[in-house]
Amino acid sequence: MGSRHAEAMTHVWPAYGLTVLDGDRTPLDLETLFGREAPRVLEIGFGMGDATAEMAAADPGRDYLAVEVHTPGIGNLLALVGERGLTNVRVAHGDAMELVHRIPESSLDAVHVFFPDPWPKARHHKRRLIQPANVALLRDRLRAGGLLHCATDWAHYAESMAETLEADPGLVAAPDDEARRPETKFERRGVASGREIFDLMFRRGYP
Ligand SMILES: C[S@@+](CC[C@H](N)C(=O)[O-])C[C@H]1O[C@@H](n2cnc3c(N)ncnc32)[C@H](O)[C@@H]1O
């Protein structure tokens, strides 16, 4: 771990970090976690977190709960949060779906899943994040009208995402929404390899 990350783990993690333990189902009190009442965005698998920090800095009226399993990414986002003085980001270390179980229903304004691991081999598709049971859980955590925004540079995953999202009975396609997000690190890699970028946006329907 570099000194920048070590410093962030010492000084930023205690205030803004959250460890996700497998099997822990204690409901999260988001108002206490963020210290205010505001619309909330969940970002799943933020990688190194540069895009997350950029979005949170440009969007101070909303709170960002960002979850990642990769330790260097945790250190980097914490360092960015400290350096940029961001008070609207909380950094969760652990499995995203374990965290989702702890988020109250109808409490999120948006869920971002940007460039999740594509698991291209057919025998690994079951490891993909965007699959029916996970989508149902994510949709329940959104408020009515809340946005589920997925992006990928893998055409086959985009097709399977579209099928899964369209099949969910509580989601409505939002084709006219603008894909407003910074370019991410994995997106840059995909573009450099000549791959097309797909943004899929769905909103939770009103009951
Ligand atoms: C392909 S990278 C994309 C990172 C970033 N969103 C970007 O676009 O640059 C996928 C990320 O998801 C993280 N990830 C995979 N499974 C996860 C899980 N179950 N919970 C949290 N993060 C996960 C990985 O560690 C990795 O950093």
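This is a predicted model: local features need pLDDT of at least 70, side-chain atom pairs count only at pLDDT 80 or more; totals for chains, interfaces and linings use all residues.
When I say strand or helix, I mean a DSSP run, numbered from the N terminus, with at least two residues of type E for a strand and at least four of type H or I for a helix; and two strands pair if DSSP finds at least two bridges between them. Residues are numbered from 1 along each chain as its sequence is written.

Returning to the two strands, T152 has F198 of β8 as its bridge partner. On the subject of β8, strand β7 (residues 171–173) pairs with β8 as well, in the antiparallel sense and over three bridges, and there the partner of A173 is F202. For those new to this, strands of a sheet pair through backbone hydrogen bonds, either parallel or antiparallel.

Is β8 enclosed or open to the outside? Five of the seven residues of β8 (residues 198–204) are buried, so β8 is largely enclosed by the rest of the structure. Buried here means that 20 or more other C-beta atoms, placed from the backbone, lie within 10 Å of the residue's own, whereas 12 or fewer makes a residue exposed and anything in between partly exposed.

Let us now widen the view to the sheet as a whole, which is open, has eight strands in the order β1-β4-β3-β2-β5-β6-β8-β7, and shows mixed pairing. The edges are taken by β1 (17–19) and β7, each with a single partner strand, so one side of each is left without a neighbour in the sheet. On average, neighbouring strands of this sheet are turned by 20° against each other, direction ignored. A parallel example is β5 (residues 108–114) with β6, joined by six bridges, and in this region H112 stands opposite H149 in β6.

Next come the helices that lie across these strands. Helix α5 (residues 71–84) lies across β1, β3 (63–68) and β4 (89–93), and runs at about 165° to β4. Helix α7 (residues 132–141) lies across β5, β6, β7 and β8, at about 135° to β6. These angles run from 0 to 180 degrees between N-to-C directions, with axes being lines fitted to C-alpha atoms, for helices over the stretch in contact. Contact means that the C-beta atoms of two residues, placed from the backbone, lie within 7 Å.

Which residues come nearest to the ligand? Of the 19 residues around the ligand, they are G45, G47, A96, F115 and T184, where near means a C-beta atom, placed from the backbone, within 6 Å of the molecule or strand in question. Helix α9 (185–192) and strand β3 each supply at least two residues of this shell, and α9 gives the most, with three.

Finally, I turn to the record. UniProt, in an unreviewed entry, lists E43, E68, D95 and D117 under "binding site", and although these residues are spread over 75 residues of sequence, they cluster in space, with a largest C-alpha distance of 14.2 Å. Such positions are given in the numbering used here, with shortened feature names, and the annotations may be inferred rather than shown by experiment.

Taking two of these in turn, E43 lies in strand β2 and is buried, with 27 other C-beta atoms within 10 Å. Leaving aside neighbours within four places in sequence, E43 is in contact with T52, Y64, A66 and H112. E68, in strand β3, also counts as buried, with 25 C-beta neighbours inside 10 Å, and, with neighbours within four places in sequence again left aside, E68 is in contact with G45, F46, G73, I74 and H93.

The unreviewed entry in UniProt also places "binding site" at K121, D153, T184, K185, F186 and E187. These span 67 residues in sequence, and the farthest two C-alpha atoms are 23.6 Å apart, so they do not all gather at one spot.
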